[in-house]
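Me: I would like to learn how to read the features of a structure like this one. Could you take me through it step by step?

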2 protein chains.
Amino acid sequence: MLRLDTRFLPGFPETLKAHAEALKAAQEALLAKRRDPQNMLGWIDLPEDTETLREIRRFREANPWVEDFVHIGIGGSSLGAMALEAAFRQSGVRFHYVDHVEPEPILALLRTLDPRKTLVHAASKSGSTAETLAGLLVFLDWLKAHLGEGWRRHLVLTTDPKKGPLRAFAEREGIRAFAIPENVGGRFSVLSPVGLLPLAFADADLEALLMGARKANEQALSPLEANLPLKTAFLHHLHRHLPVHVFMVYSERLKHLPAWFVQLHDESLGKVDREGRRVGTTALPALGPKDQHAQVQLFREGPLDKLLTLVVPEAPTEDLLLPEVEGLEEAEYLFGKGMFQLLKAEAEATYRALAEAGQKVYALYLSEVSPYAVGWLLQHLMWQTAFLGELWGVNAFDQPGVELGKRLTFALLGRPGYEGLADGSMEKQM
Amino acid sequence: MLRLDTRFLPGFPETLKAHAEALKAAQEALLAKRRDPQNMLGWIDLPEDTETLREIRRFREANPWVEDFVHIGIGGSSLGAMALEAAFRQSGVRFHYVDHVEPEPILALLRTLDPRKTLVHAASKSGSTAETLAGLLVFLDWLKAHLGEGWRRHLVLTTDPKKGPLRAFAEREGIRAFAIPENVGGRFSVLSPVGLLPLAFADADLEALLMGARKANEQALSPLEANLPLKTAFLHHLHRHLPVHVFMVYSERLKHLPAWFVQLHDESLGKVDREGRRVGTTALPALGPKDQHAQVQLFREGPLDKLLTLVVPEAPTEDLLLPEVEGLEEAEYLFGKGMFQLLKAEAEATYRALAEAGQKVYALYLSEVSPYAVGWLLQHLMWQTAFLGELWGVNAFDQPGVELGKRLTFALLGRPGYEGLADGSMEKQM
């Protein structure tokens, strides 16, 4: 479960109460949009989709031979899977993420893989993501070269239910292809097959994950008093003048979670609003305690321009006793303590030290690093982002700002239809 | 080699010229400090230290049995090693980083390791870093339990040449211990044994790495026209009103480099200056092209509050031809192209799109992702940081802001001498 601690933001409960009406209106405005699939609120329903979960489970059971799982996808099609697989993998399957287009690591990977034991999963909502298509071309060619007609069993796709080149390719070739519902966008798709399929091969506890996410849904549909994501959204709204939002997680297993959150927050909320203003805060990923030795100096003595969220587990799932070692008496204060006690003390000390420095900081306590609690956290953060979109007057579910870069890339690669864009005229405009 | 591109910052060459005197003064002020070891400028000399390199090479050759290398260290004692090992590992040795204190992943690691094939390297300049001591206690206990008196061959330390509990422990037990020179701080120590020892077990090309670093030294000691780090430092000085500095690297092999840079920049420059002002900009790690799908929406449409550095390789060390695949004609524009061409086009397109949006952005081109070029880049960035310290009037080599957190941690753990700090009085002050 999740627990909010705002002990260093003293006026918060009263301020929250004072804004209850506006927050209720934001909640209602968001929920009213659920009726139209165009509004891309399908992520709310993913935790209830037990039918897809069953299909995915059957697919995993039908393929016990998999030893290496190559996940081709980028952005929303990889960050969530990577974060959860790193935290909750139980199986011996090795995961490889082709979420880039650098040739050397892909060549190195191909040299170590046995194609007969490898399953390739390519995920792209649109089916036309350049990086994903590039990776797919390489791995398809490799599978065909090594396995002949047998390649089809080694490829699985996740894409739009009807549209796009990956769907067309799957139908033409008879390849298994899971669906990202039409009304679910990439960065909100972690609980669709984009994330669930790799997690099934990790033997992660998917039921618990979805059960946790349903708890966040319950809260988000509740009145303000019980609505945790509406409260944390309001915390961000109150501090929107601070340019940097630090998302600092005290768990090594969740080391890839900040990157997932950065996309969710930045790509949803970094927008031009209805009045033409540039809005959004910049999410900064951080991990405790290691960033105490990297970023905390700046947080303590640098500019007071940050809102910090500390995500802190309250209990370990398994602890490790720190033994006594002769000759290392400097470490005597650690002898006999659980290692988790050190982790917890560091989180608490950092929390206090940041508040003492005058930074705005709150904590989100996670009962433990379990699929249930983390499923709850992920869905909580998606709700927080959606509520913030309402409060900031932006559409949290599009990404118009990435178009120019895509078109320029096509132009530079000489793709027909994009001529003229890459002729250097932009430099002249500068 | 490194090449600076400021094509979207049109007035820059003239502005640079106008500030030549002040920059020369900053350079001279920094170099004058080299005479006093207290000023911690020993990192300048590390690339010339061939004697230490020879010792490390001999140690590596004397231990060909190592299959798993456990690196215990945090912050400056792990980030550089991790970044370079990920980029340049040639050996089959598996690397494991204990740069945290979460019990579960450590327990999981211990269950997979064979102590007879494992070398444990604990690195801490002071020798008293809590996280490093905690990890060391656990691994020492484990080695002793499995190997009896043989444990000594499986542990190696890197610490202060004379002081601190790790040095004392090494002398008492007869353990091999490499030295971080007294005048080298953690975040500037990557080219000391902290980084070189693990890299020797990775069979990375250490000569080339140091040779590249010497090129950065040459430039940094040159007059302004040939002094690349002084120029990039000035770029940051010019844009110091922008709160966020994005460090975006277009290389998957260099995926851990931004985290190393974040510590270098934030912990060196996030300080209270001589006039009592809080200075520093917040470094934001980013990787291309994946962050085009995560952060670029914000960079394009969100607030114009960023200075961005794009680090872009100019050539691959090995390329991969994108094959033609029937049925995937959507990807026709990629057929027959080198994968690196896509990577390069994406970097160039993003560069133009960010400038078009009105963000301040410049590029640093890296001839290729090689130890020589990356050694040059690392040392360049250390010089840039040191010059910026002069320009901003802060000591780039201390970290006073992390003290309170450490003391509060000790208090919460009941370490003698820290009583009273953790009694909750801080909360009352808020």
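**Reading the chain contact**

Reply: Happy to. The contact between the chains takes 117 residues from chain A and 117 residues from chain B, where contact means heavy atoms within 4.5 Å. This is a predicted model, in which local features need pLDDT of at least 70 and side-chain atom pairs count only at pLDDT 80 or more, while totals for chains, interfaces and linings use all residues. Residues are numbered from 1 along each chain as its sequence is written, chains are lettered from A and ligands numbered from 1 in the order in which they are written, and side-chain values use heavy atoms, with hydrogens and water left out.

Me: How much area do chain A and chain B bury between them?

Reply: Buried area is the accessible area (1.4 Å probe) that two parts lose on being put together, summed over both. Here chain A and chain B bury about 10800 Å², 67% of it on carbon and sulfur atoms. On the chain A side, A:Arg278, A:Tyr333 and A:Leu413 lose the most area to chain B, together 7% of what that side buries.

Me: How many salt bridges are there between chain A and chain B?

Reply: A salt bridge is a side-chain nitrogen of Lys or Arg within 4 Å of a carboxyl oxygen of Asp or Glu. The count between the two chains is twelve. One to look at joins A:Arg253 and B:Glu104, at 3.1 Å from N to O. Across the interface of chain A and chain B, 40 residue pairs are in polar contact, both residues being at pLDDT 80 or more. The largest share of the chain A side, 14 residues, comes from helix 13 (residues 339-357) of chain A. Helices (H or I, at least four residues) and strands (E, at least two) are DSSP runs, numbered from the N terminus. The chain A side divides into 62 nonpolar, 23 polar and 32 charged residues. In that division, Ala, Val, Leu, Ile, Met, Phe, Trp, Tyr, Cys and Pro count as nonpolar, Asp, Glu, Lys and Arg as charged, and the others, Gly among them, as polar.

Me: Which domains does the assignment give for chain A?

Reply: Domain bounds come from an automatic or database domain assignment. For chain A it gives domain 1 (2-32 + 208-397) and domain 2 (42-204). Their C-alpha centres lie 29 Å apart, and 28 residues of domain 1 are in contact with 21 residues of domain 2. Between them, the two domains of chain A bury about 2300 Å², 74% of it on carbon and sulfur atoms.

Me: What polar features does the rule find across that domain interface?

Reply: The rule finds one salt bridge and seven residue pairs in polar contact, both residues at pLDDT 80 or more. On the side of domain 1 of chain A that touches domain 2, the elements giving two or more residues are helix 9 (206-220), helix 11 (257-269) and helix 14 (371-392) of chain A. Helix 14 of chain A provides the largest share, eight residues. That side of domain 1 divides into 17 nonpolar, seven polar and four charged residues.

Me: Which residues of helix 5 of chain A are buried?

Reply: Buried means under 20% relative accessible area, exposed over 50%, and partly exposed in between (1.4 Å probe, protein chains only). In helix 5 (residues 103-112) of chain A, A:Pro103, A:Glu104, A:Ile106, A:Leu107, A:Leu109 and A:Leu110 are buried. They pack against strand 3 (94-98) and helix 6 (130-147) of chain A, together with helix 13 (339-356) of chain B.

Me: Is B:Gln219 buried or exposed?

Reply: B:Gln219, in helix 9 (residues 206-220) of chain B, counts as buried because its relative accessible area is 17%. Its side chain makes a polar contact of 3.5 Å with that of B:Trp376. Not counting residues up to four places away in sequence, B:Gln219 touches B:Ala226, B:Asn227, B:Leu228, B:Pro229 and B:Trp376.

Me: And is A:Glu225 buried or exposed?

Reply: A:Glu225 is exposed, because its relative accessible area is 63%. A:Glu225 sits in the loop between helix 9 and helix 10 (228-238) of chain A.

Terms used: A polar contact is a pair of N or O atoms within 3.5 Å; within protein, one must be able to donate a hydrogen and the other to accept it, and residues adjacent in sequence count only if both atoms are side-chain atoms.
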